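The sequence and structure come first, and the comments follow.

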Amino acid sequence: MDLIKKSSAGAEVITVDVVAAKDLLHHALYRYLDVRTEEEFKNGHVDNALNIPYMFNTPKGRVKNPKFVDQVLAVSGKEDHLLVGCQSGVRSVYATTDLLEAEFKHVCNMGGGYIAWIGNGFAVKKPNPVEL
C-alpha cells in the first residue's frame, strides 16, 4: 500500500513498508513515534517507541489531540528522524502530514502500522502478565 499525501506546505508523506521501517529502526537512523492511544500502546508496541497519541478515545468517539505537534516538539527537534506508526497506517499518515506542515524535516509513515509489524513476526514489547 503506497500512500502519498501532500501537506498544505507541499511536502509529500513518504510511506515505508514494515521491513524497511524495521531496518531504519535497527540501524538507529529513526526513532519510532507511536501515535496510537495510550490504551492501544499499553497492549503492545515496538520496542523503544515513543507514544504520543494523535487521537483520544472519548464517549463521543475519537477526537484529534489538539496538542499533538507541541507534544512531539517537547521531546523531539524538527531535524530529528521520526518514523510514525499507528495501528493500521491511517492515523500515522495524518500525524505525519501534521508534522511536515509544522516543518519537521525527516518524518515518514510506516505503512500497515502495528498490525503489519506483528503480522511480519517482528518483536514487540508486551505488558508483563500479572503474577498470581
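**Notes on the model**

1. Cys108 counts as buried, because its relative accessibility is 4%, and Cys86, at 1% relative accessibility, counts as buried too. Here buried means under 20% relative accessible area, exposed means over 50%, and partly exposed covers what lies in between, as computed with a 1.4 Å probe on protein chains only. If a disulfide is taken as a pair of cysteine sulfur atoms within 2.5 Å, the count by this rule comes to 0 disulfides.

2. Before going further, please bear in mind that this is a predicted model, in which local features need pLDDT of at least 70 and side-chain atom pairs count only at pLDDT 80 or more, while totals for chains, interfaces and linings use all residues. Residues are numbered from 1 along each chain as its sequence is written, and side-chain values use heavy atoms, with hydrogens and water left out.

3. The sheet is open and is built from 5 strands in the order E1-E7-E6-E2-E3, with parallel pairing. Its edges are strand E1 (15-16) and strand E3 (50-51), each of which pairs on one side only. Strands (E, at least two residues) and helices (H or I, at least four residues) are DSSP runs numbered from the N terminus, and two strands pair if DSSP finds at least two bridges between them.

4. Strand E7 (residues 106-110) pairs with E1 in the parallel sense over 2 bridges, and 4 bridges join E7 to E6, again with the two strands running parallel. E7 is mostly covered, since 4 of its 5 residues are buried.

5. Which strands does helix H4 lie across? Helix H4 (residues 91-101) lies across strand E2 (31-34), strand E6 (81-85) and E7, and it runs at about 170 degrees to E7. Axes in this note are lines fitted to C-alpha atoms, for helices over the stretch in contact, and angles run from 0 to 180 degrees between N-to-C directions.

6. H4 is largely enclosed by the rest of the structure, because 9 of its 11 residues are buried. The buried residues include Arg91, Asp98, Thr96 and Thr97 as well as Val93, Leu99 and Leu100.

7. Helix H3 (residues 68-75) packs against H4 at an angle of about 70 degrees, with the two axes 10 Å apart. H3 and H4 are therefore roughly perpendicular to each other; in this scheme, angles under 35 degrees count as roughly parallel, over 145 as roughly antiparallel, 65 to 115 as roughly perpendicular, and the rest as oblique. The contact, meaning heavy atoms within 4.5 Å, is made by Phe68, Val69 and Val72 of H3 and by Ala95, Asp98 and Leu99 of H4.

8. Ala21, which is found in helix H1, is buried, with a relative accessible area of 0%. Leaving aside its neighbours within four places in sequence, Ala21 is in contact with Val16, Leu83, Met110 and Trp117. The C-alpha atoms of Ala21 and Cys108 are separated by 9.3 Å, although the two residues are 87 residues apart along the chain.

9. Val19 also has its place in helix H1 (residues 18-26). Leaving aside its neighbours within four places in sequence, Val19 is in contact with Asn120 and Phe122. Val19 and Phe122 lie 103 residues apart along the chain, and their C-alpha atoms are separated by 9.2 Å.

10. Asn48, which is not a glycine, has a positive phi of about 65 degrees; its place is in the loop between helix H2 (38-42) and E3, and Asn48 is exposed, with a relative accessible area of 62%. Glu103, likewise not a glycine, has a positive phi of about 75 degrees, and Glu103 lies in the loop between H4 and E7, just after H4.
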